[in-house]
Amino acid sequence: MAQRSKAVICREVNKPPVVEEIEVDSPKAGEVMIKLDACGVCHSDLSATNGTIPLPPPLILGHEGAGKVVEVGEGVTDLAVGDSVVSCFVYSCGECRYCKTGRLVLCNDASKAYFTLPTGDLRTKDLSGNPLHIFSGVGVMAEYATVNRKNVVKIEPDIPADRAALVGCAVMTGVGAAINTAKVEPGSSAVIFGAGGVGLNVIQGCAIAGAQTIIAVDMVDKKLEFAQQFGATHVVNPNSDGDPVAKVREITGGAGADYGFECIGLGSVAAQAYSAVGKGGTIVVVGVAKMGDMTSVPTTLLPMEEKIITGSWFGSARPSVDYPRLLGLYKANRLKLDELVTQTYSIDDAPRAFEDLEKGVNARGVIVF
Ligand SMILES: [Zn+2]
Ligand SMILES: [Zn+2]
């Protein structure tokens, strides 16, 4: 049954998002309709509203949602009405060579679901009947969403939705970058550039993995306070502490860190991460930079220092395995989710949530429906 739903929409790039009534159609084959309970407000949503991530408006925002299945489409046999689910913003077909080798985030068909369902269809329209695009194939900053079955993961029903939702982006991306992509070793050292929603989760991922020295670098003192709460052993604010690379060298006794994570999306910061990491270390670029942004590293040093530079997309997630694992760690009090949600908003208040995100006042703001 089609549903009337409020949704947070980017109507025009470089304008604040708006809250509108929309209509969401029933799921077709291989799809499910979910009624959202919560959706995190992520920097990538903001990036879609300012053109850093070029997605065509009108666009329903949101890619970090939790809710319950209210309708299943034909052929969906492993989800039922009432099941609790968390969205997954990378579509993976399950059939291509990347999916078959377990590298789901690299799926050849992922790009088919950047702003539509993977079939190219849309089940969302405004009240004038015009189709509305959906962020990352999900568009879950709305009361209802119809998505592909493969864009949701079933979770245990006893986890509060405003906590569970965060696993759908920030937590998976951050903790996954540390554990899945970098495979941080116990006793090692790591530096994290950018202590926003994702950076804080890289920090706690490093802590869970047993890193001994965890250095957070950020220009905002408030974020560095959060960083310490999430396991940072040292904090560096370049405004007051000077060159972060020199600082990291100092803290690590001159050696440089074993791992460097770039969580901002700036080539200049990726280059700093490269310099802050010691010989044989690993640099992981997690932040999504503006198109055309470049980085540079000293070519002469590449062979003799044997550093590894890699990217990490969605924490190299295998969502159906990793979401339950992360939520299990939360239940065991080993993964911080409660501390991450520093403010909740009603959907009507979503524009303020975006303002707060720009100001950097929250670890994570979450819209609760
Ligand atoms: Zn996100
Ligand atoms: Zn695939």
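**Salt bridges, zinc and domains**

Mentor: Let me start with Asp349, which is partly exposed because its relative accessible area is 26%. Keep in mind that this is a predicted model.

Trainee: OK, which side chain does Asp349 meet in a salt bridge?
Mentor: Arg352, with 2.8 Å from N to O. Arg352 has a relative accessible area of 34%, so Arg352 is partly exposed.

Trainee: Which residues get joined into one network by salt bridges that share partners?
Mentor: Arg4, Glu21, Glu23, Asp25 and Lys125.

Trainee: And how many salt bridges does the structure hold?
Mentor: 25. Another of them pairs Lys112 with Asp109, where the closest N and O atoms are 3.5 Å apart. Lys112 counts as partly exposed because its relative accessibility is 45%, and Asp109 is partly exposed at 22%.

Trainee: What does Asp338 pair with?
Mentor: Arg163, and there the closest N and O atoms are 2.5 Å apart. Asp338 sits in the loop between α11 and β17 (341-345) while Arg163 is in helix α3, so this pair ties together parts 175 residues apart in sequence.

Trainee: Is Arg163 buried or exposed?
Mentor: Buried, because its relative accessible area is 18% and the cut-off for buried is under 20%. Asp338, at 37% relative accessibility, counts as partly exposed.

Trainee: Switching to the metal. What coordinates the zinc ion (ligand 1)?
Mentor: Cys42 through SG, His63 through NE2 and Cys169 through SG, at 2.0 to 2.2 Å. Along the chain, the spacing of those donors reads C-x20-H-x105-C.

Trainee: Where are Cys42 and Cys169?
Mentor: In distant parts of the chain, 127 residues apart. Cys42 is in the loop between β3 (31-41) and α1 (43-49), and Cys169 is in the loop between α3 (161-164) and α4 (170-181). Both cysteines are buried.

Trainee: Since α4 came up, how many of its residues are buried?
Mentor: 11 of its 12, so call α4 mostly covered. Ala170, Val171 and Met172 are among them.

Trainee: What covers the buried residues of α4?
Mentor: The cover includes α5, β14 (257-262), β15 (277-285), β16 (308-311), α11 (319-331) and β18 (364-368). After α4 comes Lys183, with a positive phi near 50°.

Trainee: I was also looking at Ile208. Where does Ile208 lie?
Mentor: In helix α5, residues 197-209. Ile208 counts as partly exposed because its relative accessibility is 21%.

Trainee: What does Ile208 touch?
Mentor: Leaving out residues up to four places away in sequence, Ile208 touches Ile179, Leu329, Arg334 and Leu335.

Trainee: Last topic: what does the domain assignment give?
Mentor: Domain 1 (3-168 + 336-368) and domain 2 (174-312). Their centres, taken over C-alpha atoms, are 29 Å apart. The contact takes 12 residues from domain 1 and 13 residues from domain 2.

Trainee: What area is buried between domain 1 and domain 2?
Mentor: About 1000 Å², with carbon and sulfur atoms giving 63%. On the domain 1 side, Thr52, Lys336 and Leu340 lose the most area to domain 2, together 42% of what that side buries.

Trainee: How many salt bridges cross the interface of domain 1 and domain 2?
Mentor: Zero by the rule. For polar contact, the count between domain 1 and domain 2 is one residue pair.

How values were computed. Residues numbered from 1 in each chain as written. Chains lettered and ligands numbered in written order. Predicted model: local features only at pLDDT ≥ 70, side-chain atom pairs only at ≥ 80, totals over all residues. Heavy atoms only, no water. Donors = N, O, S within 2.8 Å, 3.2 Å for Na, K, Ca; no water. Helix = DSSP H or I, 4+ residues; strand = E, 2+ residues; numbered from the N terminus. Buried < 20%, exposed > 50% of the residue type's maximum accessible area, 1.4 Å probe, protein only. Domains from an automatic or database assignment. Contact = heavy atoms within 4.5 Å. Buried area = accessible area lost by both parts, 1.4 Å probe. Salt bridge = Lys/Arg side-chain N within 4 Å of Asp/Glu carboxyl O. Polar contact = N/O pair within 3.5 Å; in protein donor to acceptor, adjacent residues only side chain to side chain.
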